[in-house]
Amino acid sequence: MFDRLLDSGPLGRMLGRAPWHPALRESREFFQGFDQDIPLDECEFTVLDTELTGMDHRRDEIVSIGAVRIRGMAIQPGANWYAVVRPSCLPKTCTLIHRITPSEVEDAPELSDVLPEFADYLGQSLIVGHHVGMDAAFLNRACKRILGGPMANPCLDTMRLAQVYEEERWVSYYDRYNLRVSYNLTDLAVQYGLPSFPAHNALSDAMQTAYLFLFLVRKLRSGYVHTLKDLYDMGRSWRWYF
């Protein structure tokens, strides 16, 4: 009840809070009673990635968002989502990493124009990302400011799933001290023989993460991962990020 008063009532306006976006409210209500025993084949996942001006979510900004949809544990090629957004400034060092130039963002929409559409796209799907806490921190800060509240969608981290998979492959006690293991997204794709996509592009990285996620789900516990609870029990590999 209090949240609804803040959404659109005088109290919310007095506090300077944006109205709660309908998609965020609906997903919040949906996940409050979410059944973790649902088969993975019946789940819908949004695999996402962001490109940023820096790593500090309190100061830096989102430059682009890319997302890939998974249904029935298969990538849906025609359901991708991608947007470049205009930050308040674009440091040259960032352009060297993600190759988004000042001329590209000059006429790009602001995040406030893009984020409502992304919230509608995200809907009631589960979020997958590589080191997803970073992406979630930036997106949730923006959602609170622009859309009235954070995403309620549970997040799965492929980096943590990869760590669990590597632990399953240990032969001896000393394998845990193998310093040659890299959990970089590109390195994992090469190590597991997955299709390779250009790095540091939000949509390409989301696609790379989608392939990694499907690979890990099929490999973990020798293929005996069938429900979301199974994934949750894999070292508590998913959580809500607020």
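Q: Which residues of strand β5 are buried, and on which sides?
A: Leu126 and Val128 are buried on one side, Ile127 and Gly129 on the other. Buried means under 20% relative accessible area, exposed over 50%, and partly exposed in between, with a 1.4 Å probe and protein chains only. Strands (E, at least two residues) and helices (H or I, at least four) are DSSP runs, numbered from the N terminus.

Q: What should I know about the model and the numbering?
A: This is a predicted model: local features need pLDDT of at least 70, side-chain atom pairs count only at pLDDT 80 or more, and totals for chains, interfaces and linings use all residues. Residues are numbered from 1 along each chain as its sequence is written, and side-chain values use heavy atoms, with hydrogens and water left out.

Q: Why two faces for a strand?
A: Side chains in a regular strand alternate between the two faces of the sheet.

Q: Back to β5. In which sense does β5 pair with β6, parallel or antiparallel?
A: Parallel, over three bridges, with β6 covering residues 155-157. Val128 stands opposite Leu156 there. Two strands count as paired if DSSP finds at least two bridges between them.

Q: And how many bridges join β1 to β5?
A: Three, and those strands run parallel. The bridge partner of Val47 in β5 is Val128.

Q: Now β2. How many of its residues are buried?
A: Nine of the ten, in residues 62-71. So β2 is largely enclosed by the rest of the structure.

Q: Which way do β1 and β2 run, parallel or antiparallel?
A: Antiparallel. Nine bridges join β2 to β1 (residues 44-52). Asp49 stands opposite Gly66 in β2.

Q: What does Gly66 face in β4?
A: Tyr82. Four bridges join β2 to β4 (residues 81-84), and the two strands run antiparallel.

Q: How many bridges for β2 and β3?
A: Two, in the antiparallel sense, with β3 at residues 74-75. Ile70 has Ile75 as its bridge partner in β3.

Q: What about the hairpin of β2 and β3?
A: There are two residues between the strands. Gly72 takes a positive phi near 60° in that hairpin. Met73 lies in the loop between β2 and β3, and has a positive phi of about 55° although it is not a glycine.

Q: Is Met73 buried or exposed?
A: Buried, because its relative accessibility is 9%.

Q: Which residues does Val217 touch?
A: Leu40, Met73, Val225 and Leu231, not counting residues up to four places away in sequence. Contact means heavy atoms within 4.5 Å. Val217 is in helix α10, and counts as buried because its relative accessibility is 5%.

Q: How far apart are Val217 and Thr158?
A: They are 59 residues apart in sequence and 9.6 Å apart in space, C-alpha to C-alpha.

Q: On to helices. At what angle do α8 and α10 pack?
A: About 35°, with the axes 10 Å apart. Helix α8 is residues 158-168 and α10 is residues 202-219. Axes are lines fitted to C-alpha atoms, for helices over the stretch in contact, and angles run from 0 to 180 degrees between N-to-C directions.

Q: Which residues make the contact?
A: From α8: Thr158, Leu161, Ala162, Tyr165 and Glu168. From α10: Thr209, Leu212, Phe213, Phe215, Leu216 and Lys219.

Q: How do those residues divide, nonpolar, polar or charged?
A: Seven are nonpolar, two polar and two charged. Ala, Val, Leu, Ile, Met, Phe, Trp, Tyr, Cys and Pro count as nonpolar, Asp, Glu, Lys and Arg as charged, and the others, Gly among them, as polar.

Q: Glu166 next. Buried or exposed?
A: Glu166 is buried, because its relative accessible area is 8%. Glu166 lies in α8.

Q: What does the side chain of Glu166 make a polar contact with?
A: The side chain of Tyr192, at 2.6 Å. A polar contact is a pair of N or O atoms within 3.5 Å; within protein, one must be able to donate a hydrogen and the other to accept it, and residues adjacent in sequence count only if both atoms are side-chain atoms. Leaving aside neighbours within four places in sequence, Glu166 is in contact with Val181, Tyr183, Gln191 and Tyr192.

Q: Last one. How many helices and strands in the protein?
A: Eleven helices and seven strands. Of the 242 residues, 49% count as buried.
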